[in-house]
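My notes follow in the order I checked things.

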Amino acid sequence: MKKIVLLLSLAVLASCGSNAEVSVPTENLNEVLACLDAKGLIVKYGAKSVILDTAIITGDDTLRGAIIFPGTAKQANVFFHEGKISDVSIQGESSAWKTASGLYLGLPLQEVEKLNSKNFTISGFGWAHGGSVVSWEGGKLAGDSTLTHLVSFRNKRQIISVEEFNKVSGEAEFDVRHPAIQQMNPVLEQITILKPYIPSKEEGKGIAKKIESSQMPVH
């Protein structure tokens with residue numbers, strides 16, 4: 001009898017473990033980008049599911065934009081440029097959304113490599129912009145003049161030694177083929193799809209100032 005109880009307990013534990021894995025989402029994030037503007041969001045998803053002109057905290061920035069399906073697995077942040085949707089982002093451990101290219105939160109780096117069809121470059125871990133893709137190196141996820149992808153990976157420092165982690169940390173760039181990064185195999189924690197545009201001179205100055213302030217050491 002004790003053996004049966006033990007087997008049943010192990011079966012329950014195994015089933016809980018499998019449920020903890022991130023399942024592949026079914027909602028298409030590109031459809032949000034295709035709404036074109038705030039009116040399009042409301043038409044597609046309903047006024048009750050859209051919060052317009054609100055403050056959104058993303059990384060170390062606070063931006064203004066719209067939130068759809070707030071507080072649910074379908075929550076996504078929507079940003080605008082001159083009244084038109086410019087980019088859509090999701091962040092966290094999991095989401096109901098995935099991109100048309102196959103990206104979703106919780107997807108391991110090695111799977112992202114497969115989608116990109118080649119290696120790519122990320123920033124070092126352990127700082128404000130750590131684990132972000134710097135260049136897709138001409139891979140499929142680089143996109144084109146109509147769409148591109150920005151993503152960042154969650155720090156999984158506990159998987160490797162401090163010494164190995166330090167080798168891929170800080171304000172430097174690393175090829176994802178680095179042994180320490182491959183061993184960590186970090187997962188996606190933020191995904192943004194956006195329509196590229198050339199910023200105005202004033203916008204360019206603001207972007208440059210923001211980047212500079214985020215990288216200046218604090219004394």
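Entry 1. The model is predicted. I began with Asp87, which is buried yet has no salt bridge. I looked for the nearest side chain of opposite charge and found Lys195, 9.9 Å away.

Entry 2. What does the side chain of Asp87 make a polar contact with? I found the side chain of Ser86, at 2.7 Å. I then listed what Asp87 touches, not counting residues up to four places away in sequence: Leu33, Asn77, Val78, Phe79, Thr192, Ile193 and Leu194.

Entry 3. I placed Asp87 in strand β5, residues 84–91. Next I looked up the pairing of β5 with β4, and I noted five bridges, with the two strands running antiparallel. One pair I wrote down is Val78 with its bridge partner Val88 in β5. Between β4 and β5 there are two residues, and the two strands form a hairpin. In that turn I noted Glu82, with a positive phi of about 55 degrees.

Entry 4. Is β4 largely enclosed or left open? I found five of the six residues of β4 (residues 76–81) buried, so the strand is largely enclosed by the rest of the structure.

Entry 5. I moved on to β9, residues 148–153, and noted it as mostly covered, with five of its six residues buried. I looked up its pairing and found that β9 and β11 (residues 188–194) are joined by six bridges in the antiparallel sense. Within this pairing, Leu150 has Thr192 in β11 as its bridge partner. Thr192 had already come up among the residues that Asp87 touches.

Entry 6. Last, I looked up an open sheet of three strands, in the order β8-β7-β10, with antiparallel pairing. Which strands stand at its edges? They are β8 (133–135) and β10 (173–175); each has a single partner strand, so one side of each is left without a neighbour in the sheet. I noted that neighbouring strands of this sheet are turned by 40 degrees against each other on average, direction ignored. For β7, residues 121–123, I found two bridges to β8, and these strands run antiparallel. Ile122 has Val133 in β8 as its bridge partner.

Key:
Residues are numbered from 1 along each chain as its sequence is written. This is a predicted model: local features need pLDDT of at least 70, side-chain atom pairs count only at pLDDT 80 or more; totals for chains, interfaces and linings use all residues. Side-chain values use heavy atoms; hydrogens and water are left out. Two strands pair if DSSP finds at least two bridges between them. Helices (H or I, at least four residues) and strands (E, at least two) are DSSP runs, numbered from the N terminus. Axes are lines fitted to C-alpha atoms, for helices over the stretch in contact, and angles run from 0 to 180 degrees between N-to-C directions. Buried means under 20% relative accessible area, exposed over 50%, partly exposed in between (1.4 Å probe, protein chains only). Lys and Arg count as positive and Asp and Glu as negative; His and the chain ends are not counted. A salt bridge is a side-chain nitrogen of Lys or Arg within 4 Å of a carboxyl oxygen of Asp or Glu. A polar contact is a pair of N or O atoms within 3.5 Å; within protein, one must be able to donate a hydrogen and the other to accept it, and residues adjacent in sequence count only if both atoms are side-chain atoms. Contact means heavy atoms within 4.5 Å.
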